[in-house]
Amino acid sequence: MMENKNNFVKEITNIEEDFAKWYTDIVIKAELADYTDTKGCIAIKPYGYEIWENIQKYADSKFKEAGVKNVYMPVLIPESLLNKEKDHIEGFAPEVAWVTIGGQEELEEKLCIRPTSETMFSTMFSKWVTSWRDLPIITNQWCNVLRWEKETRPFLRSREFLWQEGHTVHETSKEAEELTLKMLDVYKDVIENLLAIPVLQGNKTEKEKFSGAVNTYTVETLTRDGRALQSGTSHYFGQNFTKPFDIKFQNREGKEEYAYQTSWGISTRLIGAVIMTHGDNRGLKLPPKVAPIQVVIVPIAGHKEGVLEKANSLFTELNKNFRVHIDNRDNYSTGYKFNDWEMRGVPIRIEIGPRDIENGVLTLTRRDTLEKKEVKMENAEKEIESLLAQIQQNMFNECNERLKERTTVAATMDEFIKNINENQGYIKAMWCGDVACEDKIKEETGAHSRCIPFNEEHISDKCVCCGKEAKYMVVWGRQY
Ligand SMILES: [Zn+2]
């Protein structure tokens, strides 16, 4: 940590020059995560893990308000279970890792390390459901999953990652579909209100939907460099799993019927979204609600009489209501400390020195705007509370502005290509519904369909690609 003390911020790659390199610099230098000897898998360090814990706490409380119960399922799934739903196994086969030996013996049936747990939940639901009285079952598990990705990037795409996967089973299709959308709204709440990132909600196209789903709904976010990030998905399965897994129940008329299912998930990818959406050339910028440290106290001239005592008593006082850290390191200059905490994205920095103590004031510096404010010591708590709320709101507003600036409309392919090259972001364009056009657009522009948004607009009558009659308005974008 001591190297290049004076050039601290310069050690981070310029965000405009190389966004991808800037991103990994932040991950490593802000000590969110580190590379490991296991290829494609990261070690999440305390500062990164606390962000995840704050996401978990918030999301879990919202799940519980929605009647969700947490459970835990095995990490290993027998091959025969995975093979039961055809589309599902076809979709996941390329990225599944298998266990073939247990101890020293070859297994009779190989076991996959869960890439997702629809099959495991389904086989359990078939045991647990016999009558309509057993329904609905609304469960979730917080766990890890493994997908054999070829190209990986910390938090955004790791072979092993942490997530929650909700799995539910219902009496009617209507109830299941409502639950699917309800959980999508929980994700919107988490991402917008906790992470201060505006989302786009909509339907995935047939090509982009989850393997085995009837319908996949998504919440999409846009990074600072104008790339789309799928940040949470909620799937309606209809009876696609309940039939092969034999999840039957006796309905209210006494007849046997297959149940209706859903699943939904958010993951540690959200940490990547926070970094990529809010960060700048000074480093990480954390929304107060999710920041592991909301306020850092930096004593100035700590060797002078009374400074540390006052700083410590301020810490004790503030620590009752905020997540506070006091930087008592005596082997670093004040300038270094300021840079360091800016780089780590702490929303408010408090400077307290001999003169402040004499005048009964504190200097608060916001990470988002770098504005300084002198406040009376006795008002510190109120001022911090209101400043944190302002920062949270300001960070959301700033992203929302960028989102608007980076959303454009295209009626022709020429416009599409021009827009995405000159102002990378979301492109709204009409589509005929044919997968051939979706593929062609991807080939020519590098953009995938993000979703058919809930509030569809009518841009023109014709598909942007083939010129035939348009069926949907789709939002397109290059992705991470
Ligand atoms: Zn078309």
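What share of the contacts in the protein with a separation of 6 or more comes from residues 24 or more positions apart? The share is 69%. Keep that in mind while looking through the views below, which all come from a predicted model.

**View 1**
Start with the overall picture. Laid along its principal axes, the C-alpha trace spans about 80 × 55 × 50 Å. As for what is tucked away inside, 40% of the 480 residues count as buried.

**View 1. An open sheet of eleven strands with mixed pairing.**
Follow the strands across and you get the order S3-S7-S8-S14-S11-S10-S9-S22-S23-S21-S20. The edges belong to strand S3 (69-70) and strand S20 (407-409), each of which pairs on one side only. Now zoom in on strand S8 (residues 160-170) and strand S14 (residues 260-267): these two pair in the antiparallel sense, over eight bridges. One spot to look for is Gln164, which stands opposite Ile266 in S14. There's a helix here too: helix H7 (residues 269-278) lies across strand S10 (215-222), strand S11 (228-238) and S14. Relative to S11, H7 runs at about 145°.

**View 2. A three-stranded open sheet with the order S4-S6-S5.**
The pairing in this sheet is antiparallel. Strand S4 (76-78) and strand S5 (97-102) stand at the edges with a single partner strand each, so one side of each is left without a neighbour in the sheet. From one strand to the next, the twist averages 45°. S4 and strand S6 (residues 105-113) are joined by three bridges in the antiparallel sense, and Pro78 stands opposite Leu111 in S6.

**View 3. The hairpin formed by S5 and S6.**
S5 and S6 run antiparallel, with five bridges between them. Trp98 has Cys112 in S6 as its bridge partner. Two residues sit between the two strands, and Gly103 in the turn has a positive phi of about 65°. How many of the six residues of S5 are buried? The count is zero, and S5 is hardly covered.

**View 4. Helix H2 (residues 46-65) packed with helix H6 (residues 173-194).**
Two packed helices are described by the angle between their axes and the distance between the axes. For H2 and H6, the angle is about 140° and the axes are 10 Å apart. Their crossing is right-handed. On the H2 side, the residues making the contact are Ile55, Tyr58, Ala59, Lys62 and Phe63; on the H6 side they meet Val186, Asp189, Val190 and Leu194. Sorted by class, that contact has seven nonpolar residues, two charged ones and no polar ones.

**View 5. Phe155, in the loop between strand S7 (137-146) and S8.**
Is Phe155 buried or exposed? Phe155 counts as buried, because it has 27 C-beta neighbours inside 10 Å, and the cut-off for buried is 20 or more. Leaving aside neighbours within four places in sequence, Phe155 is in contact with Val27, Ala33, Thr268, Arg269, Ile271 and Gly272. For another bearing, take Ile391, which lies 236 residues from Phe155 along the chain. The C-alpha atoms of Phe155 and Ile391 are separated by 25 Å.

A cis peptide bond joins Leu135 to Pro136, with omega at about -5°.

Phi of Glu31 is near 60°, a positive value in a residue other than glycine. Glu31 has 14 C-beta neighbours inside 10 Å, so it counts as partly exposed.

Key. Residues numbered from 1 in each chain as written. Predicted model: local features only at pLDDT ≥ 70, side-chain atom pairs only at ≥ 80, totals over all residues. Pairing = 2+ DSSP bridges. Helix = DSSP H or I, 4+ residues; strand = E, 2+ residues; numbered from the N terminus. Contact = placed C-beta atoms within 7 Å. Axes fitted to C-alpha atoms, helices over the stretch in contact; angles between N-to-C directions. Left-handed = near helix turned anticlockwise from the far one by under 90°. Nonpolar A, V, L, I, M, F, W, Y, C, P; charged D, E, K, R; others polar. Buried ≥ 20, exposed ≤ 12 C-beta atoms within 10 Å, placed from the backbone.
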